[in-house]
Amino acid sequence: MARATSSDTEHVCFDRVLPRDLFRPQALAPPRGGRVRAIAPIGKTWMNGSVLHVRFLGGTPAQRALVREQAGWWTEVANLQFVFDDSPQAEIRIAFDPADGAWSYVGTDCRGIPSAEPTMNLGFTDGGTTAHEFGHAIGLAHEHQNPAGGIVWNEPVVIAALAGSPNFWDEATVRHNVLDKYRFDQVKGTQFDPESIMLYFFPGSWVKSGIGTKSNDVLSALEKTFIASKDAYPRIPVQAVELTINAAPTSASIGKPGEEDLFTFTVKTSGRHVIETGGQTDVVMKLFGPNSQTKLLAEDDDAGVGLNARIAVSLIPGQYFAQVRHYNKARGTGSYSIKVSR
Ligand SMILES: [Zn+2]
């Protein structure tokens, strides 16, 4: 996130996006109406209702207190919990290296980072920077990369400004972090929100319109609405459908694009279990547990019959969660069935 500091330098946050998820820009089309605001790359939000553990890798008592306060801005509105218990299994690990800027991996990408390494660095904490980084940690992208934003950058000026202190970015990094926009089918929500804390502060000289943005240091009303909506972390949780092991398949459907269905089952006896979908709909399945909605055990796309997902895995006793979504996150809908057998 960009910040005007006393020395008038720009602090700009960058998302750490894993290589397989590097977004490609494409020609922009105008947005269709009726979508909620704020943007989240599809598939990177945590399961609704998740309890996320946080481990500090350094930091003064004052820095840690600031983190707890600003992380709490999100949990006031989102159906998520942060537990600051320095757990060895913590999903979010925060370093405070002043030489490494401010950044965070996005949402569930944090799970792919080795557990000794930070998933977030708070090299500076001006204004709402910490809340901004926690926005990434719960799966939000940069608002200025919202394809509905209509920002026309003055590219040479932006590239030159960020080549200097304190960012020292090369052109490719500037393009990835600032200039490239997400494609419409890669994000949930839209309508550019100029009040978003996920927006960079930038001066008027950076854009062709000459109109810059102001520094947003609190969550906007619109992003609060978005984060509490059914597209993010609603308080009324997605009801997990109970599956009985070795019962007949349960019918389900993806009623609208981007919908994620949730199933749960309880293993009483250890052993190899098979969770599989049936039907003509191309679905992707993730399995979490035991007794955790954030510990990913397995993920599958097409191992089952036809386009179906199938996970075969040895399970110990406990409660498990299977999350199912359409392969085509932007457009896919359709019915399918799911069963668990042992
Ligand atoms: Zn950022």
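Predicted model: local features only at pLDDT ≥ 70, side-chain atom pairs only at ≥ 80, totals over all residues.
User: What makes the 33 residues a nonpolar core?

Analyst: The term means buried Ala, Val, Leu, Ile, Met, Phe, Trp, Tyr and Cys residues joined through side-chain atoms within 4.5 Å, with buried meaning under 20% relative accessible area (1.4 Å probe, protein chains only). The largest such set here has 33 residues, and Trp-74, Phe-82 and Ile-94 are among those with the most contacts inside it. Helix 1 gives the most, 4 residues; helices are DSSP runs of H or I, at least four residues, and strands are E runs of at least two.

User: Which residues does Ile-94 touch?

Analyst: Leaving out residues up to four places away in sequence, its contacts include Val-54, Phe-56, Met-120 and Phe-134. Contact is heavy atoms within 4.5 Å.

User: How do you know which side of helix 3 is buried?

Analyst: Val-158, Ile-159 and Leu-162 are buried there. They span an arc of only 95° around the axis, so they sit on the same side of helix 3. The arc is taken from the directions between helix axis and C-beta atoms. The opposite face carries Pro-156 and Ala-160, both exposed, meaning over 50%.

User: Why are strands 9 and 14 called edges?

Analyst: Pairing takes at least two DSSP bridges. In the open sheet 9-11-16-13-14, strands 9 and 14 each have a single partner, so one side of each lacks a neighbour. Strands 13 and 14 pair antiparallel over 4 bridges.

User: What are the ground rules?

Analyst: Local features need pLDDT of at least 70 and side-chain atom pairs 80 or more, while totals for chains, interfaces and linings use all residues. Numbering runs from 1 along each chain as its sequence is written, and side-chain values use heavy atoms, without hydrogens and water.
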